[in-house]
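Colleague: Walk me through this model, please. I want to learn how each feature is read.

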Amino acid sequence: MSKTKIVYVDAFNIPGIDYENKPNPDYLDVKSLDTDVEIRRAPDAFVHFVEQTYETELTAVLGAREAWKVEQEGDVDAILFNCNAEPGVKAARELCDVLVMGPACAVMHVASMLGRSFSYVICGREGDIHHAKDSILTAAQHYELSHKIASIREIAVPPTGFNEALISKTELENLKQEALSEAKKAINEDGADVIIAYGGPELYDYLVNKLHNLGIPIISPIKTLHVVAEMLVRLGLTHSKKTYPKPRQIYDFKIEGAEVVSKR
């Protein structure tokens, strides 16, 4: 079997992350031995996290540009975006002929295969304000799966509050309890048959262990994305260029001088 090469495009610049020395471990336990993985980070990335439409659209142009550059260099079988809002995925599919995927596409379709409805347990709620909900709904509507969503259960932290490389052990333990509580509400109150669990591998394993007896599948977006991408590469499939036609003009660019000017 020939080697598969997958490139993950990262257009974030999360404060506190050592990008050179902390590889993402989330998919390593499901990665095929015949798959080589590389990370391509946008050198001018400046957005700290993606939560709402504002950050999604700022990040999208950088991610799509990097995907296009990766394909131009050749020797790649799939380009993946590890963000549930999928910033840049649709644009990159237009720019690239090689397979481009984001986690929402993979995980929502797999969740739909395993049950009639699914719920997300994710970051974002603050009082009556739901920060991340619109991004998830937008992705679901694009893939025509919004009718499958039982609920989007949010926990009152920003996306970095789920990052196991940035939070303390105490914060992680509290997060586990909150995520478990919201997952149970999604199952018992919202009617979810499947739970999509945002966050890192330790939180995912915790939810799998705690909810195992209920017979409810718990799905990791990044693990699912990786395995589905490997499967599609082996089948020789990529996205339809009828759905995602090549743009008439392609631009190269770089961002200079971006900074946080207001913080709530």
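Colleague: What stands opposite Val9 in β3?

Modeller: Phe81 does. Strands (E, at least two residues) and helices (H or I, at least four) are DSSP runs, numbered from the N terminus. This is a predicted model, so a cut-off applies: local features need pLDDT of at least 70, side-chain atom pairs count only at pLDDT 80 or more, and totals for chains, interfaces and linings use all residues. Residues are numbered from 1 along each chain as its sequence is written, and side-chain values use heavy atoms, with hydrogens and water left out.

Colleague: In which sense do β1 and strand β3 pair, and over how many bridges?

Modeller: The rule comes first: two strands pair if DSSP finds at least two bridges between them. Here β1 and β3 (residues 78-81) pair in the parallel sense over four bridges. Tyr8 faces Leu80 of β3.

Colleague: Over how many bridges do β1 and β2 pair?

Modeller: Seven, in the parallel sense. Ile6 has Val37 of β2 as its bridge partner.

Colleague: What is the order of the open sheet of four strands with β1 in it?

Modeller: The order is β2-β1-β3-β4, with parallel pairing. β2 and β4 (99-101) are the edges; each has a single partner strand, so one side of each lacks a neighbour in the sheet. From one strand to the next, the twist averages 20°. Angles run from 0 to 180 degrees between N-to-C directions; the axes are lines fitted to C-alpha atoms, for helices over the stretch in contact.

Colleague: How many residues of β1 are buried?

Modeller: Buried means under 20% relative accessible area; exposed is over 50%, and partly exposed lies in between (1.4 Å probe, protein chains only). Seven of the seven residues of β1 are buried, so the strand is largely enclosed by the rest of the structure. Thr4, Ile6, Tyr8 and Asp10 point one way, Lys5, Val7 and Val9 the other, and all are buried.

Colleague: Where is Ala11 found?

Modeller: In the loop between β1 and β2. Ala11 has 6% relative accessibility, so it counts as buried.

Colleague: What does Ala11 touch, not counting residues up to four places away in sequence?

Modeller: Contact means heavy atoms within 4.5 Å. Ala11 touches Ala42, Ala45, Thr59, Leu62 and Gly63. A C-alpha distance is another way to look: Ala11 and Glu66 are 55 residues apart along the chain, yet their C-alpha atoms are separated by 8.2 Å.

Colleague: How is a pair of aromatic rings described?

Modeller: By the distance of the centres and the angle of the planes. Rings of Phe, Tyr and Trp (its six-membered ring) pair if their centres lie within 6.5 Å; planes under 30 degrees apart are stacked, over 60 edge-to-face, the rest tilted. The count here is three aromatic pairs. One of them joins Tyr8 and Tyr27: centres 4.8 Å apart, planes at 10°, so the pair is stacked. Tyr8 lies in β1 (residues 4-10) and Tyr27 in the loop between β1 and β2 (35-41), so the pair ties together parts 19 residues apart in sequence.

Colleague: Are Tyr8 and Tyr27 buried or exposed?

Modeller: Both are buried. Now take Phe118 and Tyr120: the ring centres are 6.4 Å apart and the planes at 70°, so this pair is edge-to-face. Phe118 and Tyr120 are both buried too.

Colleague: In what order do the four strands of the open sheet with β5 run?

Modeller: β8-β5-β9-β10, with parallel pairing. The edge strands are β8 (149-155) and β10 (218-219), each pairing on one side only. β5 (residues 118-123) and β9 (residues 194-197) pair over four bridges. Ser119 stands opposite Ile195 in β9. Helix α3 (residues 103-114) packs on this sheet and touches β5, β9 and β10; its direction makes about 145° with that of β5. Helix α4 (residues 133-142) lies across β5 and β8, at about 150° to β8.

Colleague: How many helices and strands are there in the protein?

Modeller: Seven helices and ten strands. The radius of gyration, taken over C-alpha atoms, is compared with a globule rule: 2.2 Å times the number of residues to the power 0.38. The protein has 18 Å, close to the 18 Å from the rule for 264 residues, so it is as compact as a globular protein of that length. Buried residues make up 49% of the 264. Among contacts between residues at least 6 apart in sequence, 75% join residues at least 24 apart.
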